[in-house]
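Visitor: Please show me the structure, and then let me ask about it step by step.

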Amino acid sequence: MSAPPLPQACSAMLRRDLTLAWRRRGDLAMPVLYAVIVAVLFPFALGPDLALLQRIAGGVVLVTVLLAMLLALDAMFASDIEDGSLEQLVLSPQPLALMLGMKILAHWLATALPLIVIAPLLAGMLHLPPAAMPALLLALLFATPLLSLLGAVLVALTAGTRRSGMLLALMLLPLCVPVVIFAAGAVAAAQQGLPWLAPIAWLAAALILCVVLAPLACAAALRIALDS
Amino acid sequence: MSTWIPLWLHKLGSPPTFYRVAGAVRPWAMGLALLCGAIGLYGGLVLAPADYQQGDAYRIIFIHVPSAWMSMFIYAVMGAAAFVALVWRVKLAEVVAMESAPIGAAFTFITLVTGSLWGKPMWGTWWTWDARLTSELVLLFLYLGVIGLYHAFEDRRQGARAAGFLAIIGIINVPIVHWSVTWWNTLHQGSTVNVFGHSKMPWDMLWPLLMVMLATKAYYAASLCRRARTDLLALESGKDWVRQVAETEAGR
Amino acid sequence: MNALQHFFAMGGYGGYVWTSYAVFFAVLLADNVAPRLRRRRVLRDVRGRLARQDARARRTTSTTP
């Protein structure tokens, strides 16, 4: 019995994870709902002052999306650990990093993409100037996969523990500080009419680096956490 | 393992030997720490003249700056030990890495608190989002993450390896955070504070600082010895040498 | 006396200076005490286990003559 070729294995992995995600559509809606709730609460807390809301809109949407992703991050490998399919994956002949990369991609498609889709709506509710909208969407498009990749490494590290919710947030905070700074920096620059492509380019560069390194780190972390 | 590593290092790596050596080193390190600390703080608090700009409030730096140096130095030691632990699976390296974390967190906490206490009279605010302060805060979160991850595992050695991996990721992260916050500050044109107005420090302010720095280094060595000894006892509690230690100390 | 008061006042910054020194020493003291307590606990556990083992060994030797 020979192992199936790599592209086939990758697509099978992607299809499996997306199917599983689709079967649990209710869970997928949770982060979106959470983001909407948080974004709606801000105007109530700060008052409907247009200038103030405009000023904070970009940052609020970014932080909201980040928190919503953090909410979903915990579940990235949880069901696979429970039913033992993650250990099968570790033992499979395909390179673990590549397979994990596919899992991260599936997770990003299932949780971050809906958030990006509703982000303009949230930003509109907070009166973000339309001129800053492309910057916000591009920033989200680069920042969310970065968070997924960095988060995946940490989730893999906590794979051997039972409870990890708050710990995950504590570990992710130092890693996501630069991401938030550059994403919010791009939106802020766009709002002030300054050139905003540079921070986006930094995010893109970080994303390329992470796409290569994070799955490898994720695989190493998983080997540590499941090794017993 | 390769042959270029001297034999005494292998011997030192074995828990009972390290336990003995650390026990012998600890009082000397602690004594050195107390001596240097007393001399340095006497020099800093009494002998050094008041600063012409900051008055006497600058005397906080005699503990603030050494603590800040230690917070980074200990993180580097922890990262290096974690690397050794992950690559060669040396039990002692795991112990050193994980027992360094609380000491480092303590120094980071001291740095943040004394920094605020210094900033209030000097800049008029407890906290500013300057690159140095923010990096220090992020460092504290990294320490707490490492400690938290270590304790989340039931198997101590597995926890040490996972937390060590996190520590290594953190080493890459800290310079990135520092640089990105600097960039962020230039973007927002906010309160950029020059923490060290003086480029050159007069000698009678410098020597107490160096003395306290030496003291904190020695203190770290002493505290690490104590913590590592305790941790080794817990890790190897089934072994004969721990039994002997327990029996000899029962009489006391 | 006056000199001592002058020293503790720290040119009006006494509150800040002495608070930070207090924090410094308090945190390091806590860092010192925690492993001491843990060491005592670990050794007590080891001794307890040893005592149990001894008791069990003595019982088995006494019941099997």
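**Questions on a three-chain model**

Guide: Chain A has nine helices and zero strands, where helices (H or I, at least four residues) and strands (E, at least two) are DSSP runs numbered from the N terminus. This is a predicted model, in which local features need pLDDT of at least 70, side-chain atom pairs count only at pLDDT 80 or more, and totals for chains, interfaces and linings use all residues. Residues are numbered from 1 along each chain as its sequence is written, while chains are lettered from A and ligands numbered from 1 in the order in which they are written.

Visitor: What is the radius of gyration of chain A?
Guide: The radius is taken over C-alpha atoms, and the globule rule is 2.2 Å times the number of residues to the power 0.38. For 228 residues the rule gives 17 Å, and the value for chain A is close to that, so chain A is as compact as a globular protein of that length. The C-alpha atoms fill a box of roughly 65 × 35 × 30 Å along the principal axes. The radius of gyration of chain A is 18 Å.

Visitor: What percentage of the residues in chain A is buried?
Guide: A residue is buried if 20 or more other C-beta atoms lie within 10 Å of its own, exposed if 12 or fewer, and partly exposed in between, with C-beta atoms placed from the backbone. Among the 228 residues of chain A, the buried share is 44%.

Visitor: How many residues of α7(A) are buried?
Guide: Helix α7 of chain A covers residues 133-157 and reaches 36 Å from its first C-alpha to its last. That is close to the 36 Å expected at 1.5 Å a residue, the expected span being 1.5 Å times one less than the number of residues. The helix is mostly covered, and of its 25 residues the buried ones number 21.

Visitor: Which residues have the most contacts inside the largest nonpolar core?
Guide: A nonpolar core is a set of buried Ala, Val, Leu, Ile, Met, Phe, Trp, Tyr and Cys residues joined through C-beta atoms within 7 Å. The largest one has 164 residues. Those with the most contacts inside it are A:Val61, A:Ala139, A:Leu150, A:Val153 and A:Ala156.

Visitor: Which residues does A:Val61 touch?
Guide: Two residues are in contact if their C-beta atoms, placed from the backbone, lie within 7 Å. Leaving out residues up to four places away in sequence, A:Val61 touches A:Ala39, A:Ala119, A:Leu122, A:Ala123, A:Leu126 and A:Leu136.

Visitor: Is A:His127 exposed, partly exposed or buried, and what is its place?
Guide: A:His127 has a positive phi of about 60° although it is not a glycine. Its place is in the loop between α6 (96-125) and α7 of chain A. With 17 other C-beta atoms within 10 Å, A:His127 is partly exposed.

Visitor: Where does B:Arg89 lie?
Guide: B:Arg89 is not a glycine, yet it has a positive phi of about 55°. B:Arg89 counts as exposed, with 11 C-beta neighbours inside 10 Å. Its location is the loop between α3 (61-88) and α4 of chain B.

Visitor: Which pair of chains shares the most contacts?
Guide: No contact joins chain A and chain C, whose closest C-alpha atoms lie 22 Å apart. Two pairs of chains are in contact, and the most contacts are shared by chains B and C.

Visitor: Which element gives the largest share of the side of chain B that touches chain C?
Guide: In this pair, 31 residues of chain B are in contact with 23 residues of chain C. On the chain B side, α4 (91-123), α7 (203-235) and α8 (240-250) each supply at least two residues. The largest share, eleven residues, comes from α4(B).

Visitor: Which element of chain B gives the most to the side that touches chain A?
Guide: Here 24 residues of chain B are in contact with 24 residues of chain A. The elements of chain B that give two or more residues are α5 (131-152) and α6 (156-188). With 14 residues, the most comes from α6(B).

Visitor: What is the radius of gyration of chain C?
Guide: Chain C has two helices and zero strands, and its C-alpha trace spans about 85 × 20 × 10 Å along the principal axes. A compact globule of 65 residues would have a radius of gyration near 11 Å, but the value for chain C is 26 Å.
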